[in-house]
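Here is a short briefing on one protein structure. Keep the sequence and the 3D view open as you read.

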Amino acid sequence: MVKGRKWILKTHFQGCPKESDFELVEELLPPLEDGEILFKSEFISVDPYQRLFSTHLRPPTTMIGSQVAKVLESRDPQFPVGSRIVLYAGWVETGVTNPSKSSEDMFGLNQVVLAPPISAELSPSILLGVCGMPGVTAYFGLLERCGPRKGETVLVNSAAGAVGNVVGQIAKIKGCQVIGVAGSGSKLEWLRNELGFDHAISYKEGSLHQQLAEVAPEGIDCFFDNVGGQDSSTILCHMNSGGRIAVCGSIAGYNLSRVPMAEAVQKMMVFKELEMRGFQASTFSDQWNGAIMEMAQWVQEGKLKAKEVVLNGFEKVPQALRELFEGKHMGKIVVKI
């Protein structure tokens with residue numbers, strides 16, 4: 001019998017995730033039955049949603065998450081040996097799953113799919129980043145929910161993260177002025193100097209209200225909100241009439257035991273006739289492959305840069321999640337198995 005390893009969430013998080021919240025366990029995997037496949041993960045993703053949705057789990061249980069994997073053994077003709085797959089099997093190194101019986105994941109997506117046929121020149125890890133869930137979240141949230149037009153001003157917060165940096169880059173491709181909000185100086189320099197953002201400002205240093213007045217004197221047309229909280233309310237004060245806001249997340253409150261207070265936005269919504277709409281990438285699941293192929297083409301053409309931070313070894317997955325919430329890195333964080 002084949003041995004597998006997985007990470008178990010031992011207890012719900014108290015504040016920022018830490019390594020002691022998890023336990024690495026081994027298990028003997030059963031022989032395959034009809035319709036099942038044996039897979040080996042190549043890369044595992046860590047993402048902010050894992051902190052949020054983990055509250056719905058009942059520990060001890062396998063930690064949620066996605067990976068790019070190779071099929072080692074198969075009793076499903078649609079997933080032959082050697083094929084590459086993207087699946088939501090959680091933090092599992094080697095495991096068994098039945099694609100035809102897998103229920104939809106928390107996003108309403110199929111849990112096991114064949115990897116889109118991107119160029120062999122690109123690392124498979126990109127299917128967890130720019131050409132994966134973060135990338136399509138940026139793509140559809142910006143283009144379908146905000147609908148930016150050439151020459152408009154687009155602002156994205158958490159701009160150095162896996163979703164935010166792609167939002168800004170797509171907005172530049174579409175001919176927009178782009179403002180990114182991030183923390184450290186190195187992140188601001190990366191946004192401006194490497195990704196071509198027109199402005200990058202810090203939510204940690206100085207008055208956000210004053211900085212916005214300086215970099216967006218004519219107002220903001222589109223706001224892609226990853227953060228929530230008071231800073232997001234401040235940004236709404238600088239929106240133009242008829243502005244559009246795509247609400248993707250509220251990471252400002254994910255590690256807090258109490259919901260953070262923020263300025264009421266109804267007055268601004270009314271008098272500026274703003275459109276604010278939350279969304280999930282799964283709403284556009286039938287269009288994912290087309291978006292992924294377009295973004296992969298942009299990457300190959302040099303229009304879209306895919307920055308990854310790669311930690312090596314299955315043992316590093318909990319560390320990667322902790323470092324994600326500590327804001328240590330820029331771009332997409334993955335663990336290579």
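Predicted model: local features only at pLDDT ≥ 70, side-chain atom pairs only at ≥ 80, totals over all residues.

Residues are numbered from 1 along each chain as its sequence is written, and side-chain values use heavy atoms, with hydrogens and water left out. Helices (H or I, at least four residues) and strands (E, at least two) are DSSP runs, numbered from the N terminus.

**The six-stranded sheet**

- Six strands form an open sheet with parallel pairing, in the order β11-β10-β9-β12-β13-β14. Two strands pair if DSSP finds at least two bridges between them.
- β11 (199–202) and β14 (275–278) are the edge strands; each has a single partner strand, so one side of each has no neighbour in the sheet.
- On average, neighbouring strands of this sheet are turned by 15° against each other, direction ignored. Axes here are lines fitted to C-alpha atoms, for helices over the stretch in contact, and angles run from 0 to 180 degrees between N-to-C directions.
- Helix α3 (residues 164–173) packs on this sheet and touches β9, β10 (177–182) and β12. The direction of α3 makes about 170° with that of β9. Contact means heavy atoms within 4.5 Å.
- Helix α5 also packs on the sheet, touching β9, β10, β11 and β12. Its direction makes about 170° with that of β11.

- Is β12 buried or exposed? Six of the six residues in β12 (residues 220–225) are buried. Buried means under 20% relative accessible area, exposed means over 50%, and partly exposed lies in between (1.4 Å probe, protein chains only).
- β12 runs parallel to strand β9 (residues 153–157), and three bridges join the two. V156 has F224 in β12 as its bridge partner.
- β12 also runs parallel to strand β13 (residues 239–247), with five bridges between them. Here F224 stands opposite A246 in β13.
- β12, helix α6 (residues 229–236) and β13 make a right-handed β-α-β unit. Right-handed means that, with the strands pointing away from the viewer, the path from the first strand over the helix to the second runs clockwise.

**Helix α5 against helix α6**

- α5 (residues 208–215) packs against α6 at an angle of about 35°, and their axes are 10 Å apart.
- α5 passes α6 in a right-handed crossing. A crossing is left-handed if the near helix is turned anticlockwise from the far one by less than a right angle, and right-handed if clockwise.
- Which residues meet? L208, H209 and L212 in α5 meet D231, T234 and I235 in α6.

**The three-stranded sheet**

- An open sheet of three strands has the order β2-β1-β4 and antiparallel pairing.
- β2 and β4 (61–62) are its edge strands, and each pairs on one side only.
- Two bridges join β1 and β4 in the antiparallel sense. L9 stands opposite T61 in β4.

**Salt bridges**

- Side chains of opposite charge can pair when their charged atoms come close.
- How many salt bridges does the whole structure hold? A search finds 15. A salt bridge is a side-chain nitrogen of Lys or Arg within 4 Å of a carboxyl oxygen of Asp or Glu.
- E26 forms a salt bridge with K3, and their closest N and O atoms are 3.9 Å apart. E26 lies in strand β2 (residues 22–29) and K3 in strand β1 (residues 2–9), so this pair ties together parts 23 residues apart in sequence.
- E26 is exposed, at 54% relative accessible area. K3 is exposed too, at 56%.
- E27 forms a salt bridge with K6, with 3.5 Å between the closest N and O atoms. E27 lies in β2 and K6 in β1, so the pair ties together parts 21 residues apart in sequence.
- E27 is partly exposed, at 26%, whereas K6 is buried, at 18%.
- E301 and K303 form a salt bridge, with closest N and O atoms 3.3 Å apart. E301 is partly exposed, at 41% relative accessibility.
- A network of salt bridges links E19, R322, E326 and K328.
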